[in-house]
Amino acid sequence: MKAPGWVRTVGILGIILGGMGESGSIQQLFLPRLMAEQAAAMSDLPAAPYAPPLLANLQAFMSRLIHAMTDEAPPWFRTWTLAAALTGMVVFGAYIVVCAGLLRMRPGSVRRFYWVTGVVLAYKAAGFWVTAVVLPMLRFTLVPGFLLGFAGEIGLLIAVVVKAPTGWPTQPPPLPTDQA
């Protein structure tokens, strides 16, 4: 049975969004080490009095950000970052699997899509909230990315709610019997 257009659209976009989330979670796993390396590199960087204002402002912002993430962050933030990265890998991995199941029109895939999308939205909201509390300097920088990601997930969820027929198969079709 060929999947309807909305199933293909939601499944493919869901796999893309899940892949982006998976990639971000893998990057987040290495964030503490990356910040330490950037702090070392920034301390070795000589001040350039002749630098254009944009570059000077960027260097100052990065220095403040690295200081906020390494020296001023609460002691639990590093543990939170690693736990959130591992959780994100699981959550977005499940999202990819569920969207692939939706593409294959597996029984129960719509219900699983609802559940996993709810978990993804909760994960994104918690990550945004913690980051905004710990790193207030990033609040306005994070808002557009958070809203865009949230809107994408909610858009897919709305498409499934509106388009999924009530007669979506919940059980696999019966196996053929030998009538010979």
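**Exercise 1.** In which helix does Glu153 lie?

*Solution.* Work on the predicted model. Find residue Glu153 in the helix assignment. Glu153 belongs to helix α6, which covers residues 139-163.

**Exercise 2.** Is Glu153 buried or exposed? Then list what Glu153 touches, leaving out residues up to four places away in sequence.

*Solution.* Step one: take the relative accessible area of Glu153, which is 0%. Step two: apply the cut-off. Buried means under 20% relative accessible area. Glu153 is therefore buried. Step three: collect the contacts. With residues up to four places away in sequence set aside, Glu153 touches Leu17, Tyr95, Thr117, Val120, Leu121 and Lys124.

**Exercise 3.** Describe the chain as a whole, from secondary structure to surface.

*Solution.* Step one: count the elements. There are six helices and zero strands. In sequence order the pattern reads α-α-α-α-α-α. Step two: check burial. Of the 180 residues in the chain, 30% are buried. Step three: sort the contacts by separation. Among contacts with a separation of 6 or more, 82% join residues 24 or more positions apart. Step four: take the surface. The accessible surface of the chain is about 11500 Å². Carbon and sulfur atoms hold 70% of that surface.

Key: Residues numbered from 1 in each chain as written. Predicted model: local features only at pLDDT ≥ 70, side-chain atom pairs only at ≥ 80, totals over all residues. Heavy atoms only, no water. Helix = DSSP H or I, 4+ residues; strand = E, 2+ residues; numbered from the N terminus. Buried < 20%, exposed > 50% of the residue type's maximum accessible area, 1.4 Å probe, protein only. Contact = heavy atoms within 4.5 Å. Areas by Shrake-Rupley, 256 points an atom, 1.4 Å probe, with all protein chains shown as cover.
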